[in-house]
Number of protein chains: 2
Amino acid sequence: MKRIASLVVVLAIAAGVLTCFTPASGEAAQEAVPIFGIKIYPGYRDWRLISVAHEEGNLNDLRAVLGNDVAIKAYRADKLPFPDGTVIARIAWKYVPSEENNKAFGRAQSFVPGDAPEWYLQFMVKDSKKYASTGGWGFAQFDKNGKPADESKHKTCFPCHEPGKDHDFVFTRYAP
Amino acid sequence: MKRIASLVVVLAIAAGVLTCFTPASGEAAQEAVPIFGIKIYPGYRDWRLISVAHEEGNLNDLRAVLGNDVAIKAYRADKLPFPDGTVIARIAWKYVPSEENNKAFGRAQSFVPGDAPEWYLQFMVKDSKKYASTGGWGFAQFDKNGKPADESKHKTCFPCHEPGKDHDFVFTRYAP
C-alpha cells in the first residue's frame, strides 16, 4: 500500500513536470516581457493582415502587421480609440534581395523576407486600466526564439509611440 | 387603382436596379478574367499571411501574399506540388514614404502602402486538370474596382512564372 502511494506521488510529480515543460503549440514555457508582463500570443501567426511596411536604415527590414479579431474589427470600423482586448502583432524579417524573383523579372528589383532580426516579434496590447500610464497600451518584443527583450528596451516603446497620440498611439494604418 | 399599380411597377424596377448595382460583400456582379475564368474570391482579405515583398522599378510597390486554408497548410508542410484547391492571393499597394513614421523614427526610413496600382490584386489557383497547359495554375489580375486585366496581360502570367518550375511555379516562399 505504501509502495502504491509512493508511485502515485512519483507519477503526480512527473505529470507536474511534464505540464510545466511541455510546450503547448510550440510556444509554452513562455517568458513574459519586463514592465508589461506580456507573453507571446499563441496562434498570432494565423491572425489577419492589417498592413505591411519596409523600414530602411538600421532596421532594414520588411514587416507585416497582423491583428486579432478585436483589432481587425476596430480597424475596419475605422473607430478610435481601439477597444480593450485589441492585440496588434508586428513580425519583421531582414530585407534581402530575391535572386530568383530578379531572374524572373529580368532585373534586380525584388526584396523579400530573410532571417529574423533581434526585433522579430512585437505586440501592442490594449488594456486601458492595466496600462493606463502608457496610453492604455502594453508593449512587448521577442526574438525568434521567443526570448523577451530587456527592460531598458521596453522602456523605449511608449516614448516612441507617444507622437502617435492622435491615432491612439498606433502608427500602422489598415491597408485595404 | 391604376396609380397604385404604376407605383408597384416603379418600385419593382427600382428594386431590380438596386439588386443589379448593389455589390453584395462589395465584390458581386464580379467579372471573370479572360483565359482562366477566375473571379475574385470572396473573403480573400481574411486569408492568412504567406509573406510580404517590395518590388522596385516600374512596379514600385509593397505587397502581401495571402493563402486560403489549402495554401497555408501546404506551405507549412513544405510539400510540393501544391494540391488542387490551393489559392494564393497577392495584394499590392504603391510604395510611399510615411511622414508620420519618419517623424517618430527621427529619420526618413519608413515606407508603407499607398494607393492601389493597376495590378492591385492577383490570384493563382491550382487545378491540375483545368489548367494543365499552364503548369496546373490559373492566373488572375484585377484592379481595385474588381475590373479584370485584359487577355494580353493574362497571356504573360505563365511565361513569367515558368522559370519557377522547381517550386511548382510559385515564387513566394513562406515567411515564418
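Me: What makes strand 2 (residues 61–67) of chain A largely enclosed by the rest of the structure?
Reply: Seven of its seven residues are buried, so strand 2 of chain A is largely enclosed. Buried means under 20% relative accessible area, exposed over 50%, partly exposed in between (1.4 Å probe, protein chains only). This is a predicted model: local features need pLDDT of at least 70, side-chain atom pairs count only at pLDDT 80 or more, and totals for chains, interfaces and linings use all residues. Residues are numbered from 1 along each chain as written, chains are lettered from A and ligands numbered from 1 in written order, and side-chain values use heavy atoms, without hydrogens and water.

Me: Which residues of strand 2 of chain A point each way?
Reply: Asp61(A), Arg63(A), Val65(A) and Gly67(A) point one way. Leu62(A), Ala64(A) and Leu66(A) point the other way. In a regular strand, side chains alternate between the two faces of the sheet.

Me: Why is strand 2 of chain A said to pair with strand 1 (residues 48–55) of chain A?
Reply: Pairing needs at least two bridges found by DSSP. These strands have seven, so they pair, in the antiparallel sense. Val52(A) has Ala64(A) as its bridge partner.

Me: How many bridges join strand 2 of chain A to strand 3 (residues 87–97) of chain A?
Reply: Seven, and the strands run antiparallel. Ala64(A) stands opposite Ile91(A) there.

Me: How confident is the predictor in chain A?
Reply: pLDDT is its confidence in each residue, from 0 to 100. The mean for chain A is 89, and 84% of its residues reach 70 or more. Over residues 12–27 of chain A, pLDDT is below 50.

Definitions and conventions: Helices (H or I, at least four residues) and strands (E, at least two) are DSSP runs, numbered from the N terminus. Contact means heavy atoms within 4.5 Å.
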